[in-house]
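Hi everyone, thanks for coming. I have one structure to walk you through today, so please have a look at it while I talk.

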Amino acid sequence: MIKLSPVLSEKIWGYEQWIASTHPNGLQKNFYDAIGGEYPLLIKIIQADETLSVQVHPDDEAAARLENDRGKTECWYVLDAKPDAQLVYGLKEQYSSEDLRKAIADNRLEDYLHFVPVHKGDFIFIPAGTVHAIGGGMRLLETQQSCDITYRLYDWGRPRELHVEKGLQVIKHDGSSSIGQFPGEFACQYFTLRSVHISGGFSMLVEKGEKPEDWQLLYCLDGQGTIKNSGQDNQMNLQAEDIVALAPGEKITLEGSMNIMLIRCGNHPS
C-alpha cells in the first residue's frame with residue numbers, strides 16, 4: 001500500500017487536486033510505478049469557490065472518434081457545501097442542437113439548464129453526455145474515467161475558449177438520476193464506490209490480481225486513525241482527505257474513528 005500525494009491545479013474558479021492519477025496531465029509517478037502502468041480511473045478533489053463552466057464529456061465511442069481517447073463518465077460525492085449551493089444537472093427538457101446553439105450565441109443558455117440544490121453527503125452520477133456545471137461554494141470528491149476531455153459549452157460571460165460544436169455532438173438526453181445522500185454503495189460500468197464507517201477496528205482483504213486496475217483506493221472522508229498491511233511492520237496515520245492505494249492480495253487493518261470511501265475499477269457491487 002502507498003499513500004498518494006495530490007497534484008495541485010489552480011483554476012479561475014478555485015482549484016483541483018488530482019489525488020490518484022496516472023494521467024499525463026497530473027501524473028503521480030510513484031503510483032504509476034507501483035501499479036506497473038496506467039490506472040483506468042482518476043480521482044480528484046474539486047474546490048469550487050465560483051461556478052464552473054457548463055460542460056459535457058464524450059462517451060467512449062465519441063471520444064475515440066473525436067479525440068482518439070477514452071470517454072469520461074464521472075460521479076461526485078459532496079464533501080462540503082454552503083447552504084445555498086447548487087449545480088447544473090442536465091437540461092430542463094430535450095432540445096435540438098439548433099436550439100442550444102442559438103441559446104449559447106444569445107448568452108441565455110441558463111434558461112435551458114436544470115439547476116438542483118446539493119448538500120454535504122449528496123452523491124451525483126454524471127454519465128458521459130450529461131450537461132453539467134458545478135456551482136460555487138462546494139467541495140467534491142470526484143471519481144471518473146482517466147480522461148481529461150472537457151467540452152465547454154458556456155462560461156457565464158468569462159472569456160475562455162468554448163467547444164460548442166464538439167459539445168453539441170456528444171450531448172445525450174438519457175434523463176438524470178436522482179440526487180440525494182450517498183446510499184452506501186454505487187456501481188456502474190467503470191467504477192464502484194462503497195462507504196464504510198469505522199469505530200474501533202476494520203479489516204479487509206483486497207482481491208488478488210495482476211493488472212493495474214486490480215489495485216483499489218481507500219479515501220478517508222472524515223475522522224482519523226491508522227492503517228497497516230499485515231505483511232508490513234510499519235503503519236500509516238490516516239486523517240480526512242488522505243488517500244491510499246491498496247495492492248491486490250493485501251490484507252488491510254484500520255483502527256480509529258473515521259468514515260472511508262473504497263473505490264475500485266469496474267462494476268463490483270457487494
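I'll start with the overall picture, then go through the strands, and finish with a few loop residues.

A word on the ground rules. This is a predicted model, in which local features need pLDDT of at least 70 and side-chain atom pairs count only at pLDDT 80 or more, while totals for chains, interfaces and linings use all residues. Residues are numbered from 1 along each chain as its sequence is written, and side-chain values use heavy atoms, with hydrogens and water left out.

So, the overall picture. The protein chain comes to four helices and 19 strands; here helices (H or I, at least four residues) and strands (E, at least two) are DSSP runs, numbered from the N terminus. Along the principal axes, the C-alpha atoms fill a box of roughly 65 × 40 × 35 Å.

How much of the chain is buried? Of the 270 residues, 52% count as buried. Buried means under 20% relative accessible area, exposed means over 50%, and partly exposed is in between, with a 1.4 Å probe and protein chains only. The chain exposes about 12400 Å², and carbon and sulfur atoms supply 45% of that; the areas come from the Shrake-Rupley method with a 1.4 Å probe, and for residues only the protein chains shown count as cover.

Contacts next, meaning heavy atoms within 4.5 Å. Among contacts with a separation of 6 or more, 78% are between residues 24 or more positions apart.

As for charge, there are 25 positive and 38 negative side chains, and the centres of the two sets lie 1 Å apart. Lys and Arg count as positive and Asp and Glu as negative, with His and the chain ends not counted. Each charge is placed at NZ of Lys, CZ of Arg, CG of Asp or CD of Glu.

Now the strands. Two strands pair if DSSP finds at least two bridges between them. There is an open sheet of seven strands in the order β2-β3-β4-β11-β6-β9-β13, with antiparallel pairing. Which strands stand at the edges? They are β2 (7-11) and β13 (180-181), each with a single partner strand, so one side of each has no neighbour in the sheet.

Let's begin at the β2 end. A hairpin takes the chain from β2 to β3 through two residues, and five bridges join these antiparallel strands. In that pairing, Lys-11 stands opposite Gly-14. Strand β3 (residues 14-20) is mostly covered, with six of its seven residues buried. β3 also pairs with β4 (residues 41-48), again antiparallel, over six bridges, and there Gln-17 faces Ile-45.

At the β13 end, the partner is β9 (residues 122-126), joined to β13 by two antiparallel bridges. Here Phe-123 stands opposite Gly-180.

Next up is β18 (residues 243-246). Ile-243 and Ala-245 point one way, Val-244 and Leu-246 the other, and all are buried. β18 runs antiparallel to β1 (residues 2-3), with two bridges between them, and Ile-2 stands opposite Ala-245. β18 also pairs in the antiparallel sense with β16 (residues 216-229), over four bridges, where Leu-218 stands opposite Val-244.

In the loop between β17 (235-239) and β18 we find Ala-240. Buried or exposed? Ala-240 is partly exposed, at 39% relative accessible area. Leaving aside residues up to four places away in sequence, Ala-240 touches Cys-220, Leu-221, Asp-222 and Gly-223. From Ala-240 to Ser-270 is 30 residues in sequence and 25 Å in space, C-alpha to C-alpha.

Finally, two asparagines with a backbone feature to look at. Most residues other than glycine have a negative phi. Asn-68, however, has a positive phi near 55°. Asn-68 lies in the loop between α2 (60-67) and β6 (74-81) and counts as exposed, because its relative accessibility is 72%.

Asn-107 likewise has a positive phi, of about 55°. Where is Asn-107 found? Asn-107 is in the loop between α3 (97-105) and β8 (113-117), and is exposed with a relative accessible area of 54%.

That's my tour; over to you for discussion.
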